[in-house]
Amino acid sequence: MTAASHLLRHTDSGALTVKHFVDSFQRIWLDSRPARTGRKPDARLPRRLGLAISGGADSMALAYLCKQWETTRITDNDVTVTAFVVDHKAREESTREANMVAGWLDNMGLKTQILELSWPESKVSAFETHARRLRFQALGQACRAQNIETLLMGHHQDDNVETTLWRLCTGAKGAGLAGIPPVTRIPECHGLFGVAESGSSVSLKPARDTRFRITHTNELQLFSPPAAERKAEEDYRISTGGISICRPLLAFPKTNLLATCHENNIPFVSDPTNFDPTLTPRNTIRSLLSENKLPRALHPPSILSLIQKSNTLLQSATNSSNDLLRQCTLHSLAPSTGTLIVNFPQPVHNDHQTNPSPNPTPDPQIQSLTLRRITELISPFPENHFSLRSFEPFTSRVFPSSSSPFTQNQNQNQDQNQDPSPQNRNNNPSP
């Protein structure tokens, strides 16, 4: 499977079957497991599912397909589905609309819960941003209360194309052109226990009993204490768990979802403002796509190809970062205090008499990515809070090349050291 196999195009414009849906879900879930856990892929799908239902054709088709899955039990594991309808309380009609959608879901036989948002008394400046945060926090806490680990959303292929086109217009590159992630952690919920990467834990055992001391020259030295002073090894407890977002409809265009609703008499809400090109940039892009007014290079097949290539490049960067991480040694980790000590790889010195080939030039972006992944282990900020560019000033000190001034000074200090034993060699602490 490729890094972006969720982009496999569904060419039939007709209604989706529950098998179409489950096959797509299983494919993207299996693809996501190694990237999210680093362990052997687990083909088993989650058993307790939450659905974020707005009432549009996309989410109502999602609700119908999930109910069919729950009823027909076409997979080895039984699933239970709970639908969540958010009442934004932002307009007088919002409560009536939420009750209407909940009624449709009840008629479908789905367990349904309405989530009412609470707004601050003071005026909110960025309404859309605040509404998004409140919505995801309400959904995350509702999933946690019902022991649901995976929340499904109805984003589809057209959404992916429109989002990437908009990002392209704003100058995005790299991860910004990788499209909507099919599986990711729930956003906007940082710090909510049991919702954002918490609620359970795993144990990691230290590699060996080692300690650190600071010398009179303010340098870090690694040493092994006498056996009498060694304490029993303690496991490192690392938080896991939390809510995942999954989008199993990304392989299908909107026409499939509309056909699914029409063929199965599924009611849905159609918001005319979504098609007014004068209201939002996204509406403009949608209008240009529907009227075929964009050049061929910006047609959906080309954008989907761009997304796939961006995902492939990101996976390659992750693999290179993984190779660099394997050369690092974690000597001490204290999650309770947010500190760690890492021994970074030293530069390789070529003997030009026997090996005249130069050292491969290190990639600063891969080094920055690796450094950010290390600091995220103890950072109190959400994932990717700091840009990769902010790590670039540190890479030459953490991952020095054999020709850098920092390394040359270090080599001179080592030459002056009369005791070359490993216990007296300086180790670079993390910045």
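**Close-up 1. A right-handed crossing joins helices α8 and α9 in this predicted model.** Here we look at how the two helices meet. Helix α8 spans residues 300-326 and helix α9 spans residues 364-375; their axes come within 9 Å and cross at roughly 70°. Since angles from 65 to 115 degrees count as roughly perpendicular, that makes α8 roughly perpendicular to α9.

**Close-up 2. Residues of α8 meet residues of α9.** On the α8 side you will find A317, T318, S320, S321, N322, L324 and L325. Their partners in α9 are I366, Q367, L369, T370, R373 and I374. By type, the residues of this contact divide into six nonpolar, six polar and one charged.

**Close-up 3. The largest nonpolar core has 37 residues.** Welcome to the core: F21, F25, L51, I53, W69, L105 and L152 are the members that touch the most other members. At least two residues of this core come from each of α1 (18-37), β1 (48-53), α2 (57-72), β2 (80-87), α3 (94-108) and α6 (254-263). Helix α2 gives the largest share, nine residues.

**Close-up 4. L51 and its contacts.** Let us zoom in on one of the core residues named above, L51. Leaving aside neighbours within four places in sequence, L51 is in contact with L62, A63, C66, V81, T82, A83, F84, L110, L151 and L152.

**Close-up 5. Another core, of 20 residues, lies apart from the largest one.** Its members include L115, L134, L139 and M153.

Note on methods
Residues are numbered from 1 along each chain as its sequence is written. This is a predicted model: local features need pLDDT of at least 70, side-chain atom pairs count only at pLDDT 80 or more; totals for chains, interfaces and linings use all residues. Side-chain values use heavy atoms; hydrogens and water are left out. Axes are lines fitted to C-alpha atoms, for helices over the stretch in contact, and angles run from 0 to 180 degrees between N-to-C directions. Helices (H or I, at least four residues) and strands (E, at least two) are DSSP runs, numbered from the N terminus. Angles under 35 degrees count as roughly parallel, over 145 as roughly antiparallel, 65 to 115 as roughly perpendicular and the rest as oblique. A crossing is left-handed if the near helix is turned anticlockwise from the far one by less than a right angle, and right-handed if clockwise. Contact means heavy atoms within 4.5 Å. Ala, Val, Leu, Ile, Met, Phe, Trp, Tyr, Cys and Pro count as nonpolar, Asp, Glu, Lys and Arg as charged, and the others, Gly among them, as polar. A nonpolar core is a set of buried Ala, Val, Leu, Ile, Met, Phe, Trp, Tyr and Cys residues joined through side-chain atoms within 4.5 Å. Buried means under 20% relative accessible area, exposed over 50%, partly exposed in between (1.4 Å probe, protein chains only).
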